[in-house]
Amino acid sequence: MTEEMNWHQLLVPYTQVVDELKVKLRGMRKQFEIEKKHSPIELVTGRVKPVQSMFDKARRKQLTDDQIESVLQDIAGVRVVCQFVDDIYTIVDLLRKRDDFQVIEEKDYIKHKKDSGYRSYHVIIKYPVQTIHGKKYVTAEIQIRTLAMNFWATNEHSLNYKYKGQIPQDIKKRLKKAAEAAFQLDEEMAKIKDEVQEAQWIFNQIRPKFKKMGDEE
Ligand code: 0O2
């Protein structure tokens with residue numbers, strides 16, 4: 001068996017965790033909708049880190065192959081996108097209360113934004129997954145952010161990829177400005193949250209239900 005096939009085999013439980021988490025989080029959203037309450041969850045996506053990207057990160061962090069699984073917490077990654085900053089903390093509370101996995105770490109990059117301008121709330125969990133070889137505990141990262149934070153992070157991520165982590169200074173500066181503008185948008189929206197929610201509730205009664213964009217996988 002090749003080295004690469006070994007890694008693909010190792011990643012099978014991670015794929016299952018991502019799939020299960022997506023079902024569970026979308027299930028939470030459905031429940032809010034059925035109970036005719038504002039859903040703090042707008043979109044749910046997920047991915048297993050591609051093997052190459054896992055190796056790149058391992059090299060950056062100077063990890064040996066044996067350390068990769070225990071050190072990298074985001075091999076299984078799920079992203080929850082919401083409308084308002086408050087929703088993020090509602091989701092975090094809901095996650096803390098669940099007993100189908102254990103929250104082992106939380107990183108609040110909203111109260112403590114990263115140097116790049118990145119904002120998001122990361123919840124690291126230990127998730128028990130059933131495999132044909134028995135139960136395995138898999139670490140997964142749930143990233144929770146607003147639509148505005150997600151817009152910024154997605155663009156910055158593409159630029160980082162394009163410039164191989166070396167974004168030119170002038171673009172970096174603009175990105176920092178854009179991060180602040182996105183945050184101001186979140187703050188302004190928070191002030192009219194009740195109005196927006198009421199309007200959306202009325203609108204949802206008459207419009208056909210569309211699949212949430214970016215939520216189909
Ligand atoms: P990908 O391609 O999304 O998988 P480190 O990389 O050491 O700073 P660490 O210790 O793994 O980060 O944990 P952290 O800070 O929770 O970051 C993990 C993930 O958060 C990243 O995974 C990104 O998805 C996201 N993230 C963190 N900082 C930034 C940022 O400045 N900009 C953007 N766009 N995303 C960020 P990967 O492996 O870097 O990337």
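This is a short walk through a predicted model, from its paired strands to a helix and then to the ligand. Residues are numbered from 1 along each chain as its sequence is written. Local features need pLDDT of at least 70, side-chain atom pairs count only at pLDDT 80 or more, and totals for chains, interfaces and linings use all residues.

Let's start with the strands. Helices (H or I, at least four residues) and strands (E, at least two) are DSSP runs, numbered from the N terminus, and two strands pair if DSSP finds at least two bridges between them. Strand β3 (residues 102–108) runs antiparallel to β4 (residues 121–131), joined by six bridges; in β4, V123 is the bridge partner of E106. On to β5: 11 bridges tie β4 to β5, again antiparallel, and I125 has A140 in β5 as its bridge partner. β4 and β5 form a hairpin with two residues between them.

Next comes helix α7 (residues 169–191). Its 23 residues should span 33 Å at 1.5 Å a residue, and the end C-alpha atoms are 34 Å apart, which agrees; the expected span is 1.5 Å times one less than the number of residues. A179, A182 and D186 are buried in α7, meaning that 20 or more other C-beta atoms, placed from the backbone, lie within 10 Å of a residue's own. An α-helix has 3.6 residues a turn, so residues three or four places apart point the same way. The buried residues of α7 pack against α5 (85–97), β5 (134–146) and α6 (147–162), where contact means C-beta atoms, placed from the backbone, within 7 Å.

Finally, α6 also gives the largest share of the shell around the ligand, three residues.

Key. A residue is buried if 20 or more other C-beta atoms lie within 10 Å of its own, exposed if 12 or fewer, and partly exposed in between; C-beta atoms are placed from the backbone. Two residues are in contact if their C-beta atoms, placed from the backbone, lie within 7 Å.
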